[in-house]
Amino acid sequence: MAGGNERSMRALKEVWKRAENSLCADCGKPDPDWASSTLGVFICLSCSGIHRNIPSISKVKSLKMDHWDDAQVQFLAKHGNAVTKAMYEAHIPIYYYQPTYNDCQVLREQWIRAKYERKEFTEPGKQLPYSDGVKEGILWKRGRDNGQFLPRKFLLSEREGCLKYFTKQDAKEPKINVKIDVINATFQPEKIGNPNGLQITYLKDNKTRNIFVYHESGKEVVDWFNAIRSVQFHYLKVAFPIASDNEIKNRLTRNFLKEGYMEKTGPKQREAFKKRWFTLDHRRLMYFKDPLDAFAKGEVFVGSRENGYSVQKGLPSGTQGNFSWHYGITIVTPDREYLFTCETETDQLEWIKAFTGIINQAMTPQEYASKCLDAVSF
């Protein structure tokens with residue numbers, strides 16, 4: 001019996017060591033140490049918890065702590081991540097967002113359920129709930145002034161190229177009508193205080209406007225997210241006919257590069273530093289009094305190094321404004337310097353890394369043209 005166990009463990013380790021199994025099959029996290037004995041995939045601890053919630057589809061076991069019999073090891077050897085992914089991910093739409101281990105729970109759970117439970121990607125041309133070019137339904141939207149979440153009707157239309165929402169079910173005219181090409185959507189469960197919280201951002205008069213929504217159903221809110229990406233993808237295919245699918249895919253919804261609190265001072269650099277919530281959305285650095293504000297109090301364009309932008313650790317000597325946080329950051333632009341302080345050195349280094357990443361990227365012609373419109377006084 002002991003010899004059989006040892007043989008199974010050796011065989012299990014051989015399968016586990018295959019290059020295809022070195023990343024979680026669902027989120028890409030390195031060194032997965034769990035596996036599904038019914039699907040034949042190697043997965044991380046976090047994804048194993050999601051699999052455990054669909055026991056009719058997947059039964060998971062630890063590769064280190066649980067016993068694997070010969071039949072189960074042979075099943076893993078026959079399948080593995082490459083074979084199983086080829087089956088369950090055969091026909092993923094180009095616009096569908098495939099989450100990583102850095103993404104929130106609802107995105108990862110619905111990705112796993114879409115693959116194995118609903119089998120959305122096993123057949124070519126399958127009709128999907130986010131691929132119709134139109135989506136209508138109720139989302140709970142946060143009120144701009146009172147902060148209360150109320151049900152609102154939303155309508156997404158590929159034909160009209162826009163997203164609308166209505167304050168009443170029977171309203172004839174929408175409260176907003178936003179062109180699809182100026183919309184971004186990103187999941188914000190912690191900020192919104194709901195596991196299915198989605199932040200929809202769009203440009204209005206060249207200023208960023210935020211809408212915060214959620215739905216009780218994780219599937220429904222992820223369907224909305226992918227429906228937005230689907231409509232954007234088809235809109236951009238028409239707008240940029242010579243662009244490749246991957247080039248267009250990279251222009252769809254994006255996560256913010258960095259968010260969090262910093263202190264800031266005004267343009268004279270003699271005012272007291274005030275605590276504000278900051279969002280870095282590619283080259284737009286915005287600040288808000290509250291993380292759930294509808295409009296930014298101000299924003300600054302973060303250009304490239306070759307155009308005179310840089311980021312420095314610390315504040316200029318002789319900075320006069322009073323500040324309670326002591327980890328300074330200075331952003332240098334062709335026009336002026338912007339001064340910030342962070343609460344911890346970790347925050348300071350993370351912000352500097354985010355700014356440096358943007359500044360080291362060459363500006364596109366579109367970004368250079370928008371520079372003149374984006375700058376708002378801090």
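The structure is a predicted model, in which local features require pLDDT of at least 70, side-chain atom pairs count only at pLDDT 80 or more, and totals for chains, interfaces and linings use all residues. Residues are numbered from 1 along each chain as its sequence is written, and side-chain values use heavy atoms, with hydrogens and water left out.

Asn184 is located in strand S8 (residues 183–187); helices (H or I, at least four residues) and strands (E, at least two) are DSSP runs numbered from the N terminus. With a relative accessibility of 2%, Asn184 is classed as buried, where buried denotes under 20% relative accessible area, exposed over 50%, and partly exposed the range in between (1.4 Å probe, protein chains only). The side chain of Asn184 approaches the backbone nitrogen of Arg254 at 2.9 Å. When neighbours within four places in sequence are left aside, the residues in contact with Asn184 are Gln199, Ile200, Thr201, Thr253, Arg254, Phe256 and Asp281, contact being defined by heavy atoms within 4.5 Å.

Most residues other than glycine have a negative phi. Asp31, although not a glycine, adopts a positive phi of about 60°. Asp31 belongs to the loop between helix H1 (2–16) and strand S1 (34–36), and its relative accessible area of 64% places it in the exposed class. A positive phi, of about 55°, is likewise found at His282, also not a glycine. The loop that holds His282 lies between strand S12 (274–281) and strand S13 (284–288). His282 is partly exposed, at 27% relative accessibility.

Key. A polar contact is a pair of N or O atoms within 3.5 Å; within protein, one must be able to donate a hydrogen and the other to accept it, and residues adjacent in sequence count only if both atoms are side-chain atoms.
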